[in-house]
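This report describes a single model, moving from one residue and its surroundings to the chain as a whole. Please read it alongside the sequence and coordinates displayed here.

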Amino acid sequence: DILPGSGIKAVEEDSLRQMAHGREILSRLRTEVFLSMMQKRVAAEDGTIPLFVWNPHPYPVNAIIECEMQLADQNWNETFFDIEVFEGGKKVPSQIEHEASNLNLDWRKKLALNTKLPPGSIVRYECRPTAGMSRKMPSRNGQFLFDNGKMRVLINSRSGLIDSFKIAGTELVRPGTGRVLVMKDNADPWGVNARSYRKRLGSFTLMNRAEASEFAGFAGHKLSPVRVIEDGKVRTIVEALFKYKKSTLRLRYYLPKHGTQMELHLQVNNQQPDCMYKLSCPFIDKNSRCMAQDIFGRKEIPGTGEEKVFGQWFAAVSEKYNLALGIICDSGHGLDFYKGEMRYSLMRSPCYSALPIKDRPLISSDRAHDRIDIGQREFRFRICGGPANDLPGKMERIGTLFSEAPPALIFFPGNTGKDIEDRNIVELADGPVVMTCCRCLSDGQSVLRLFNSSKNKVVTKLSVLDGKINTEVELLPFEIKNFKIDLSGKTVNEIDGI
């Protein structure tokens, strides 16, 4: 009853506590590994803050990295310090954004920067505080049209939703994308008699200025419900505020200045019992089909509107127009699909362990019962598009990089001399093949597992130990292969999966 959420509240709290313990162990192990690779790094120059970004993946990664840092001292002047970022003497696009704290003092900094990370490497960036910048917060209202030359997004200022999402001039969505629907549900957490959630009670609608101001805690201030809150060389962030009865939604659109993948970050404060929330993403082709990630494969989601489960990503595909719209999420595994509209299941609010039994009432009506997922919850999505014959094969890598983003660390090493060079153990050529496992054995050798996530046979290049071992690997559609790396003999041999 832990996975479906049908246990009592004590079961939920106990399982979350155990999972948090496991996550803490993993976090400490990763930090220990990261710090062990920092031991022979050269000390930073005066006035610079060293930032290290680790790409553990066997292929190059282009990503926007976020991190926070602290100035050497508090700045009590009216000026504002900017941060310039350099890699090997070359300036890297970056921007300062609002830090996690709300201390109205120029001291703590949040940095967002564009990174290009080689496979299996640690890249060092030098961050240099620069004084004299006047602090100007972005403030734009009206119709929000974002265009970086490759991706074009139109956000409707009256609805707060996406009316257009184009890549290379090709439309991918219908107006109203990003709407959170409210569907009729009941108190049964098992959903014993439910096969779909199609009865719509309403949807989250944009707040007015007074409601947005009250929600944000600004008495007497007329806050626009749709605003640009960050804008720089790396990305633009638009915030929209919604409501449904006593529930609220803060939706942020993350729009990169380079690339074609945008993100949606949702913060839902749910106060509605017996409701199912769904994120609506209507694809441009109503006659399209839907596919989703399965365990070492993918599967078809029927267009009947029935609730189905999936792994991490799903995509609407149109062979007629050779288009696909892919969505990756960081939590939840429920979805329905009907006439080109993908509806991701955000959350439900049933009672704990309420099971239908004969004709008896589902729950007693003499008290207010505890409900599942009442309160604040957060969700992240990455939305991408491309040709139907190309994007599905890339979704596995995109999803992996979304859930396993390269970690960043502010660290002041104490070594003198030159930085050590990284040794890249495994590198894979571009394509649909992903590495799902790489581990060391007790005898000092290593085992890695490769998975072909496409429906076609693939021949990919595998490079080991900085190119000292190079071989080609052939994988059939959705095939898994395991390899043993002999570091002393410098050989790669295929083995079984046991």
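## Alanine 388 and its surroundings

Alanine 388 is in contact (heavy atoms within 4.5 Å) with Val317, Ser318, Asn322, Leu323 and Ala324, once its neighbours within four places in sequence are left aside. Alanine 388 lies in the loop between β27 and α3 (391-403), and at a relative accessible area of 14% alanine 388 is buried; buried means under 20% relative accessible area, exposed over 50%, and partly exposed in between, with a 1.4 Å probe and protein chains only. Helices (H or I, at least four residues) and strands (E, at least two) are DSSP runs numbered from the N terminus.

## Basis of the values

This is a predicted model, in which local features need pLDDT of at least 70 and side-chain atom pairs count only at pLDDT 80 or more, whereas totals for chains, interfaces and linings use all residues. Residues are numbered from 1 along each chain as its sequence is written, and side-chain values use heavy atoms, with hydrogens and water left out.

## Two buried strand residues

Asparagine 482 belongs to strand β34 (residues 480-486) and is buried, its relative accessible area being 8%. Its side chain is joined to that of arginine 449 by a polar contact of 2.9 Å, where a polar contact is a pair of N or O atoms within 3.5 Å; within protein, one must be able to donate a hydrogen and the other to accept it, and residues adjacent in sequence count only if both atoms are side-chain atoms. Not counting residues up to four places away in sequence, asparagine 482 touches Leu448, Arg449, Asn493, Glu494, Ile495, Asp496 and Gly497.

Serine 203 lies in strand β13 (residues 200-203) and is likewise buried, with a relative accessible area of 11%. Among the residues that serine 203 touches, not counting those up to four places away in sequence, are Arg179, Leu181 and Tyr244.

## Helix ends and positive phi values

The N-terminal end of helix α2 (residues 209-216) is capped by asparagine 208, a side-chain oxygen of which lies 3.2 Å from the backbone nitrogen of alanine 210. Glycine 217 follows α2 and has a positive phi, near 85 degrees.

Positive phi values also occur in residues that are not glycine: for serine 353 phi is near 50 degrees, and for aspartate 373 it is about 60 degrees. Serine 353 is found in the loop between β26 (341-348) and β27 (375-386), and aspartate 373 lies in the loop between β26 and β27. Serine 353 counts as partly exposed at 32% relative accessibility, and aspartate 373 is partly exposed with a relative accessible area of 22%.

## The chain as a whole

The protein chain has three helices and 35 strands. Its radius of gyration, taken over C-alpha atoms, is 25 Å, close to the 23 Å that the globule rule (2.2 Å times the number of residues to the power 0.38) gives for 498 residues, so the chain is as compact as a globular protein of that length. Along the principal axes, the C-alpha atoms fill a box of roughly 75 × 65 × 50 Å.

Buried residues make up 47% of the 498 residues, and among contacts with a separation of 6 or more, 66% are between residues 24 or more positions apart.
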